[in-house]
Amino acid sequence: MIENNELTMNTESRLSFEEFRKEVLNDYRLACESREVSLLARKEVLTGKAKFGIFGDGKEVAQVAMAKYFQPGDFRSGYYRDQTFAFASGIATPEQFFSQMYADPDLANEPFSGGRQMNAHFATPNLDQDGKWLDLTKIKNTATDMSPTAAQMPRALGLAFASKLFREVDVLKSFSRLSNNGNEVCFATIGDASTSEGHFWETMNAAGVLQVPLAVFVWDDGYGISVQREYQTTKDSISVAMEGFRKAEDTNGFDIYNVKGWDYAGMCEVFEAGIRKIRETHIPALFHVEELTQPQGHSTSGSHERYKTKDRLNWEKEYDCNSQMREWILENALADEATLLTIEAKAKTVAVDARKTAWNKYISPIREQVDAVLAHGKAVAAVPHTDKAMINGLLHELQVNREPLRRDVLKTAASILFHHKKIKSSAVAELKTFYENMLKLEKENYNSLLHATGVNSVLNVPVVPAEYEEDAHSLNGYEILNKYFDQLIENDPRVFAFGEDVGHIGDVNQGFAGLQQKHGKQRIFDTGIRELTIMGQGIGMALRGLRPIAEIQYLDYLLYGLQPLSDDVASLQYRTKGIQHCPIIVRTRGHRLEGIWHSGSPMGMILGALRGMNVCVPRNMVQAAGMYNSLLAANEPALVIESLNGYRLKERLPQNLDKFTVPLGIPEVLHEGSDITIVSYGSTLRIIEEALVTLKQLDICCELIDVQTLLPFDINHSIVESLKKTNRILFVDEDVPGGGSAYLYQQVMELQGGYRWLDVAPRTLSAQAHRPAYGSDGDYFSKPNVEDVIRVVLEMVEE
């Protein structure tokens, strides 16, 4: 006779087994659907419907296993082969995947980038329409993907580091919508070949030092495109090569796990235990997922049969992860052959249906545009004296195009209009109106949202003037900043400041002197000499709702951290079509000092690389404080370049230091004049002001304008108003010839139409083409000096 408790155990066991069986079969279904999507998507490229394709085939089972332990609140910082993970975690659907392949600009169909990014580049929003942070603890979050290999690694460090702060910093406990006591893990994925990049090594070293909840999954299929692993990785194994980083008792470092990418059960077991440990202890881990395959090769641009041997191809066929999981299911009697065949057949149907639906949603509005142009074009052709043959030829070409693009529609309309500009008729006017409306719509689809809008935009921050008491104290510039940062850290618990030498000694120019001792090592802290991952820390923190001030010690070293700022931060608003925000503030100092790497002003490089960020160039530290206030009241990223030789110059202390704002994009007239307009910024303004003393003695009255910010630049076109008065203009800049000075010139002469008001040729005065030489004489002969300014102004006035 069976006892009641024994019967209960058997019932529970049967229920437990059935749940396990359902879970396994669901995972197999996901793997099959993802594979079918890859196979079908490749065909879409080869038939011309899609432009390019890169897929996650061969990684399905590993990603399904990983996704099982990805919880709401967690973040993904991955790369472009994570489609199965996206499907399994609910971040994306197969239909959305196809919509992205077709570059559908409708966010309702392609919610990750509105058609602006290649396939398998996913994103989730972090702010709502009112500029408030979403409840990130309820979302399975992903930072938006990038194509540069290993570019996802630095920000992965920051995403994980934010969890450490949320767990350990008491003033953050109230931000329950941003974190659940720091229990979130950042899942970072990377291809094995990309572990050769410096981004990977710097990130892993920093994670090991900081002890943050970072789970790094290395997908190892033995190749980097066509180059075998042995030519890329020391000891032919990234986990072996990194053995010295392994955490031991009483050391930092990270855990290392090795799994086979075709071993479903083994991966589930290791991932479950490993992720649980990371979540609980914040000890990072490397999961080396080996023996993966890539059945369709690297991408649709080539064939892997060209560089893989027959033996390798045969092995890949045998150890294909989906095939291995299928065998394991059958061997363990979790399903029979008929059940698996049904799952596989349904997977094909899911992929086909997703493709059809995505394509119909993409092509339908274009076909409506085609029909509209055909109707307008036929109406124009019916007007006397029009070129009917030309019009009908264009319309026929558009009509027979089975897969028209928006550009085809616009080009047809434009060609008809170009050839009939002199025809006065309602039909031509209506076609022109249609064309202009469509052009406006497509500019919105493809050229909008480089910067934040609405309440998130720094341009909408209210202007609060600085207020001074009559007997306001005059302090050194660094003391002004010190008082400002003290009040800022005290008043805003989201603000953290960090970088090389920022913590203990309070930065090399003492802006944070004594503040770590007052506010603690968690709010103001030192980092290693690793600009790339300092930027990564800031990016990840900003994506999670914090307001980091990440420091690059000198502007010349911005190059080390430029890649994530350019590829990630600057393009983020644009490439997610406004759904994701990263309000990092990068603080640095530059311009005139001494030596080749301590006096740089690489503005041309910055202006070319950081469109999408704000670039602030305050002339003094009070202005800098006001710009920080403006930026912190918005949700946009910025680079603030303080003047190196301004820290010990005296400035009056505003009484509303922590509240006044400096509007971005608004130049300030420092000296009014009538003979010539001089435009500059930063440290160079002091050189010009010294020259103005002599020029005044020579009866030359100069109007000196401080642009204050390079991005945005003079949004109200006030500089041209000065030029209308003086009819002469000189742009002075510390960058190399054709750098920042050329940008200033283009903005005023071309964009503002300044050329209309010139009596003499405009001039630019820049530094020499080489890096600045060391010493005071090196500075004098390398960059614009007082005598240079006087000489050029005299030439222009006498011309």
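Author: Start with burial: a residue is buried under 20% relative accessible area, exposed over 50%, and partly exposed in between (1.4 Å probe, protein chains only). Helices are DSSP runs of H or I with at least four residues, strands are E runs with at least two, and both are numbered from the N terminus. This is a predicted model, where local features need pLDDT of at least 70, side-chain atom pairs count only at pLDDT 80 or more, and totals for chains, interfaces and linings use all residues. Residues are numbered from 1 along each chain as its sequence is written, and side-chain values use heavy atoms, with hydrogens and water left out.

Reader: How many of the residues of H5 are buried?

Author: Of its 17 residues, 15 are buried, so H5 is largely enclosed by the rest of the structure. For the protein chain, 58% of the 799 residues count as buried.

Reader: What span is expected of a helix?

Author: The expected span is 1.5 Å times one less than the number of residues. Helix H21 (residues 684-697), with 14 residues, reaches 21 Å, close to the 20 Å expected.

Reader: Which elements do the buried residues of H21 pack against?

Author: Contact means heavy atoms within 4.5 Å. The buried residues of H21 include Leu685, Ile688 and Leu692. The partners of the buried set include strand E17 (668-671), strand E19 (702-706) and helix H25 (786-798). Just after H21, Asp699 has a positive phi of about 65 degrees.
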